[in-house]
Amino acid sequence: MLCAAQETVTGSFASFIHAVQPEHLSEVVLHRSKRMILDSIGVGLVGSTTHVFDIALRYCQLYASNAVSSVYGKKGLKLSPTLAAFVNGVAAHSMDFDDTWHPATHPSGAVLPALLAVAQMLPPSAKPNGLDFLLAFNVGIEVQGRLMHFSTEAHNIPKRFHPPSVVGTLGSAAAVAKLLSLTRTQCANALAITASLAGAPMANAATQAKPLHVGNATRLGFEAALLAAQGMEASPLILDDLPGCSGFSAFYDNYQPKPLPLPANSHQFLLEKQDIAFKRFPAHLGMHWIVDAALSVRNLLINYAGSFSPALIRTILLRIPVSKYINRPFPESEHQARHSFQFNACTALLDGKMGVHSFTDASIHRQELKELLAKVLVEHPEDNIANFDKMYGEIALILENGDVLTGRCDTFYGHWRKPLSRDSLLKKFRSNASHVFPEDKVEAIITIVDNMENLPDSSYLASSL
Amino acid sequence: FPPVTENFAGVIHGLNASHLTDLVIQRSKRMILDTLGVGLLGTSTEVFHKVIQYSKTYSSDASSTVWGHLDFRLPPLYAAFVNGVAVHSMDFDDTWHPATHPSGAVLPALIALSEALTQKQKFSGPDLLLAFNVGIEVQGRLMRFSSEASNIPKRFHPPAIVGTMGSAAAVAKLLALDPFKCKEALAVAASYAGAPMANVATPTKPLHIGNAAKHGLEAACLASLGLQGNKQILDMESGLGAFYTDYAPQVLPTLKSYSWLLDQQDVAIKRFPAHLGTHWVADAASSVRKHLVKGDNSLPINGIEKIVAKVPDVGYMNRPFPNSEHEARHSFQFAVCTALLDGSISVQSFSDQNISRPQLRELLKKTQLEHPPDNKPSFEILYCEVNVTLQDGNVFSERCDTFYGHWRKPLSAEDLKKKFHSNASQVLSAEAAEGIMETVDNLEKVEDCSVLNAFLKGTQSAKVLEKICSF
């Protein structure tokens, strides 16, 4: 029998997924993961009102069979489990409003929808309780985090493959494998089968197709776990380094896999050491720095001139990290706008706040906004690294009279270094969920998630969505 | 020049039946026939049974045929999936240059979709042929965007990349999407593309083709519902370029005189179900065997001291002692020894019994691989030389540069049909197999290609046969 040190990396992941138990979850991890679950649900609920969600839903309704799993915000409508996971995953990422981790990915949307669908899929005699659910959720998050540590490339804002489509898919497979209590071998196969379903290029970020990356991550990982449960096999070395014949390493330029320590005594989940960022408005995480910088310099201008007067501004200088897909001087769609430093800076300057409404067509095409956008110049200081742990946002307003007002943000409110308070998190959830549900339902969901570890049947959460 | 993506969309949209040359029609019909046969045979495999079990959860929407099955049907997405898995389940399907398995990623999607839509719209044989060729052509063109693609792959399994794109293009063509939506179909498909090489030689490999067909179909359907992706998906390094280390996209030839790749470059059709590289090995080994064995005698195993196979350096084909059928299909050593032992390799060579035969194991122990520097891992130029050294010191050596079935030495029409017949008759009646051969042979004159489905699921009624034979 192999001891842990000799085990392959792939084998160690399989062993971890198989052997980890609820008692391994610390208080901090429980607390943080429940915040993530709540945020992810809220974001998914508001996301169920988007056009991309509508397309995905119309597509999936072509497949009417085995309709047992709930769809966010659509009471009475059910889909087959993997397709429910798909549309709910699309919803979660549809507005780029979902959580972000370090190294960079959107972990919860790739895991939660599949688990909710599984909980409803399982027969009454085998319904997982809230703690089982929380454990599976954390397995899915943990696996994603561990995989991202296999490559230094993963630490920075991505260039080639969109991380949720790479690690998110495997995270979903791991989470579903856990909730279904697959054997260790089946867990290994689930991971390996999933690798053949992972990977979407960055070019589709900032387009309407981006939400599908999360939808497919949660759905395809789920499918892979189901196939593994049927006995499908794949490479037993998928996570290991195989020169000349790539496994998971295919997605990275440099790749140093490390085995997961066995849960035995004191496995520390990554979530314990590294919290998540929650977004305050629906746009790429990088935008949050520049917005906070813009809001502060806006205040300076108001103090200086008595009101916000765009006419006083000659140039708006943005000091931002280099990242092509979020550098867009004149975005034309909501998807592009969510991925534009320039747009977010100017909207924040103009309105003094950011919200869901900032990205409507009407808002995007405002004349005053276009005038401001025309004044923007961009600089990439060498010390501003494209990395969510290290970057900053700085704006300099160069006024017509030559004066310069500067605002800078090193850590926006909602970042893991400055987490949202419970009040702020609930405010965001209530605002999102109330797009589709009345107040009493909204409060009911909050209560269920708050008491997740005591829930006897976790499918109750799914059916209340 | 317009961006490459837009150009592709314009060409996919603008190609019509009149662009198909006779040679392209002929070659593509051979591919279609071979693919169907191989798929039918593949419905008897274990991997196929597993994906069926999985897909049955979707079976109440019963609009498309599962090849070889009368007993239940699946929605087009999952029919494309399982039939695609069947096609690649035994590594028996066609191979092109640059390397990919083009047909399995395209045909199952087209057949499933055309059948599902049959209430609303009839698709003719020429419609199917055109869409099929669009799917093949796009794959070939995309592979030429990277020099990495000319060699046997190391990182991503090509069908998972270009196959997915080809399937999306083919379906977009069949659905007659406008150029805008053709473009979006390609863009969305890219987000489904890609699977790592490590799963080759495992049961998951066939899923690469099944998923290519399924996801390309899904991407095209989403595009037709209005989903949009990156309009420069083929142009950008962070688009399709993400899958390659060197990437140089180019526009397609003008529609005024379109030249198809299939015209210039045929596919290879396999004679037995294993990785293409084993076909050179089998031919060389069978030739050497003739020196060692007279008449019906069996191979004098004990008289053999050493077997050396000179092959290109392909890591995933170097398996001295394969333990499963999937590994055996990806083992140079297994191919050498089986061909030496039996004189040829066949479907039966990969049964559990044959894989674990003591005489085979004996031979495997004596076998080594060598990688001459001039033996490059490219299906266009590789060769195999087999040297057998006897205990008495004699050495016999034979070399194969081009095996029978390779594009330089294509299977005769008769042998292609023989392969089809042998495969199809494992699951279908002789009449149904005959019906498919007739239909495909006359595909450009068939008015309603859904007749194929009647044969594929195993019904054969006199009425259907009459319909076919009335050309």
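Two residues count as in contact here when they have heavy atoms within 4.5 Å of each other. With that in hand, welcome to a predicted model, and let us start where its two chains meet.

**Between the chains**

The contact between the chains takes 53 residues from chain A and 52 residues from chain B. The size of an interface is often given as the accessible area lost when the parts come together. For chain A and chain B that buried area is about 4,200 Å², and carbon and sulfur atoms give 59% of it.

What about polar pairing across this interface? The rule finds 23 residue pairs in polar contact between chain A and chain B, both partners being at pLDDT 80 or more. It also finds two salt bridges between these chains. One of them joins A:Glu223 to B:Lys214, with the closest N and O atoms 2.9 Å apart.

Which helices of chain A supply at least two residues each to the side that touches chain B? They are H3 (51-60), H4 (81-93), H8 (184-195) and H9 (210-229). H9(A) gives the most, with eight residues. Sorted by class, this side of chain A has 30 nonpolar, 17 polar and six charged residues.

**Inside chain B**

Chain B is divided into domain 1 (4-264), domain 2 (277-400) and domain 3 (418-469). The centres of domain 1 and domain 2 of chain B, taken over C-alpha atoms, are separated by 34 Å. At their interface, 19 residues of domain 1 of chain B are in contact with 13 residues of domain 2 of chain B. About 1,300 Å² is buried between these two domains of chain B, with 70% of that area coming from carbon and sulfur atoms. On the domain 1 side, B:Met90, B:Ile152 and B:Ala201 lose the most area to domain 2 of chain B, together 42% of what that side buries.

Between domain 1 and domain 2 of chain B, the salt-bridge count is zero, while three residue pairs are in polar contact, both at pLDDT 80 or more. The side of domain 1 of chain B that touches domain 2 of chain B has eleven nonpolar, six polar and two charged residues.

| Interface | Buried area | Share from carbon and sulfur atoms |
|---|---|---|
| Chain A and chain B | about 4,200 Å² | 59% |
| Domain 1 and domain 2 of chain B | about 1,300 Å² | 70% |

**A helix and two residues**

Helix H5 of chain A (residues 112-121) is largely enclosed by the rest of the structure, because nine of its ten residues are buried. Among those buried residues are A:Leu112, A:Pro113, A:Leu116 and A:Gln120.

A polar atom of the B:Asn133 side chain lies 2.9 Å from the backbone oxygen of B:Leu129. Leaving aside neighbours within four places in sequence, B:Asn133 is in contact with B:Leu20, B:Val24, B:Ser28, B:Trp260 and B:Leu262.

A:Ala311 sits in the loop between helix H11 (285-305) and strand E3 (313-319) of chain A. A:Ala311 counts as exposed, because its relative accessibility is 64% and exposed means over 50%. Not counting residues up to four places away in sequence, A:Ala311 touches A:Lys375 and A:Glu400. The C-alpha atoms of A:Ala311 and A:Leu30 are separated by 50 Å, and these residues are 281 residues apart along the chain.

Key
Residues numbered from 1 in each chain as written. Chains lettered and ligands numbered in written order. Heavy atoms only, no water. Domains from an automatic or database assignment. Buried area = accessible area lost by both parts, 1.4 Å probe. Salt bridge = Lys/Arg side-chain N within 4 Å of Asp/Glu carboxyl O. Polar contact = N/O pair within 3.5 Å; in protein donor to acceptor, adjacent residues only side chain to side chain. Nonpolar A, V, L, I, M, F, W, Y, C, P; charged D, E, K, R; others polar. Buried < 20%, exposed > 50% of the residue type's maximum accessible area, 1.4 Å probe, protein only. Helix = DSSP H or I, 4+ residues; strand = E, 2+ residues; numbered from the N terminus.
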